[in-house]
Amino acid sequence: MTSPVTLTVVDVGGTHVRSASWSPSEGLGDTLVQPSPSRLRNPGTAVEELKERLISTLCDVVPRSPGAVAGISFGAALDHRTGTVYGSAPLFGDDTTPLDLRGALHARRPDVRWHVVNDVTAALLHFAAAPHRSTYRKVLLMTISSGIACRTVDLRTGAIATDGSGLQGEVGHLPATARLAGAPVELMCDCGRPGHVSSYASGPGLRRMADTLTRRVPERWERSRLGAEMAEGGSFESALATALDAEDPLARELLDASTEPVADLLRTALCLDPELDELTLSGGVATGLGDHYRASVLGHLLRQGLYLTGELAPGWLPDRITVCAPGEANGLIGAGIAALGLPTAAASEEARTPAGTAGSGETHPALVREGDAVHVRRRPAPLPGPGEIVVAPEVAGVCGTDLQILRGLRDDGAPVLGHEGVARIVAVGPGVDDPRLTPGALVVVNPTHPTDPSFLLGHNVDGMLQARMLVPASAVRGGLVVALDAVPPGALPALVEPLAVVRYASLALGPHAPDTLLVVGDGTVGHLAVRTARRWLGDAVRTVHVHHTGEGLEWSRQAPYGADHRVGRDGLETGELDDVLRRRRVAVLIATPAPATLPSLELALRATEGSEVAVDLVGGLRRPAYSYRFPGVDLSEVRAANCGGVPVPPVVARLTAADGRPVTVLGHRGVANEHLEYAAAELCHAPERYADLVTHEMDFAGAARTLTALARGETRVVDGRRLVKLAVRTAGT
């Protein structure tokens, strides 16, 4: 799938320049990391030369393509409004000559639409997009890295306030003091002046503090775990982390001395602005040391907190201090959010408006079934309430169950069908606390809730054949909205859920150690089972594929991948493959519509007489479901024993057939999240193996005509071609 906008995002720091492609729907592409042309890395190089190298580096990472857009996260004090850089100690040392970075980039590459923001602004924009912050008022993010700065966003408006120069939060160069080994310390900041917060608390400042400690207390240093780790050649960062893990007193003294100026800043910020609901610490130093860093900062705040508040509400201040988890405040993603002008989760009206309110009055198209026809209708755009998520389906698949509903063979009540495909999150409600479920994330919605029968996507809850879909709180709480690391290309997302079904079936049948797989059913699941058999059941497995119609059998004969033996039902009934199926260890996968499941099971058991057989009832079953092969056994209960991937391992019934033969039987409704994730990864890994199964791809109007024709007839031939999988493109409709 492609996003309407894919841009280049770049994060410029004192040590590295990182770049990647990014879009709200596709996420980040592969990240290129290269050394920064900075003063830190090139201490003897003239500032003008450093700036020239930097501009060339930024221009070179943006591909030459029509409509190119680039979002730059830049580690410098810069005008938030114009992109003019005032200064960056790690990049340019003490030079503060203004650099019109956006203008210089435009002059060099006028074909690119450039957007430049401060790196802390970018990190904050990504951090603030997390859904569980949608009810917060304000959030402050402070980065502790090669430099120190912070930003505050008002989540009610999305505004990041700046002063008359377009600046905010340049706290690294505020005056500060520090003490080590009982005596004051005065150190230079990278900007060339002494006694700044960055002098002691930045990454380079922390290292200079350690050097001071070695000179002041050399004996203690040599005896300490920190000194020992350094003497063994370890890097300072890893040595400090190891020493803190070992509760080394000297390492803790060093960290506490370095964090005291940071704690002072946080205390002052909360004193001046009690609307700050979270103050988070990011950057290599804070995130790298994690809990140790937070504990050190909190130690200072608990020893000397806010006047009176510290006594009246002792948890009020500590509860607001967090340390960013890795990836939670990604400057690359934030640069993209800024370039596209996307709102934070809390500033988005969609994310704040409770479900059922009128909101903007917008509508969206949906494929709505009405009698034996399907029409494109406009419906009110959903707005998420507490715990809910609204997604925009990108590609949705139509399956055999959908056709049964359309033909009146099932009484499922949802007017909008569809439980297969991939969607993009557009809005989240308050109380959604999974950091991966943010606007722009691509997800698959697991259609079957293992414990809540009121959620069955596309059956009793409106499904994916619409431009906007509300995922109820029960499904979100149940973890059924699954963020994907990678999304299959083209129309292949329509195959994620059926391939996950086959993955589950293969894992369930694997312990039988079959030498033959008998697949009954020539729909999507049947074809997928044949194509994955040797990969998931063993290289020696032979495959037999049973087809219901001559059109299906002919299609399989022309397909690039097929079973070792293809046969129609009549051929199986007349014993055409007796020598292949008898006296073997046979796994049987029944992948048929519900009315055909029991007859197919009985046919398979006749064809495998004398074999050790394990059967997976993937196809639906009406309740109750009795077969003369298993007197007194309700097979619908056997199938329903496994739901949504629960329990693990699946329940397996050891039954005795009427002829005295032992037969292993199991079934399942739905799959686990891990099966969906595995299926998506498989489709990304080998798309060519599955692409021909998506035989038809349509927009809403074409899908409405096709589904109406399918509802009114028995054929699966559409536009002169056998229909295996219909993919409906819903994005942009």
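## Secondary structure and overall dimensions

The secondary structure of this predicted model comprises 26 helices and 33 strands, where helices (H or I, at least four residues) and strands (E, at least two) are DSSP runs numbered from the N terminus. Along the principal axes, the C-alpha atoms occupy a box of roughly 95 × 55 × 55 Å. Of the 733 residues in the protein, 58% are buried, a term that stands for under 20% relative accessible area, with exposed meaning over 50% and partly exposed lying in between (1.4 Å probe, protein chains only).

Residues are numbered from 1 along each chain as its sequence is written, and side-chain values use heavy atoms, with hydrogens and water left out. Because the model is predicted, local features need pLDDT of at least 70 and side-chain atom pairs count only at pLDDT 80 or more, whereas totals for chains, interfaces and linings use all residues.

Strand β7 (residues 84–87) is joined to β8 by two bridges in an antiparallel arrangement, and Thr84 has Asp100 in β8 as its bridge partner.

## The aromatic pair and charges over rings

A search of the whole structure finds one aromatic pair, the criterion being that rings of Phe, Tyr and Trp (its six-membered ring) have centres within 6.5 Å, with planes under 30 degrees apart counted as stacked, over 60 as edge-to-face and the rest as tilted. The partners are Trp536 and Tyr678, in an edge-to-face arrangement at 5.8 Å centre to centre and with 75 degrees between the planes. This pair links distant parts of the chain, given that Trp536 belongs to helix α19 and Tyr678 to helix α25 (residues 673–685), 142 residues apart. Trp536 counts as buried at 12% relative accessibility, while Tyr678 is partly exposed, with a relative accessible area of 34%.

The ring of Tyr678 also has the charged end of Arg503 over it, 3.8 Å from its centre; a charge sits over a ring if NZ of Lys or CZ of Arg is within 6 Å of the ring centre and within 35 degrees of the ring normal. Elsewhere, Lys51 lies over the face of Phe92, at 5.4 Å from the ring centre.

Grid points are joined across faces, edges and corners, and a volume is the space filled by probe spheres set on the points. The largest cavity has a volume of about 50 Å³, and its lining includes His527, Arg531, Trp555 and Tyr561. Both α19 (524–537) and α20 (550–558) supply at least two residues of that lining, with α19 giving the most, three residues.

The second largest cavity holds about 30 Å³ of space and is lined by Val502, Ser506, Leu509, Leu517, Ala529, Ala533, Leu537 and Leu589. Two or more of these residues come from each of α18 (496–509) and α19.

Conventions
1 Å grid on protein atoms, 1.4 Å probe; cavity = no way out; pocket = protein on both sides within 12 Å on 5 of 7 lines; lining within 4 Å. Pairing = 2+ DSSP bridges.
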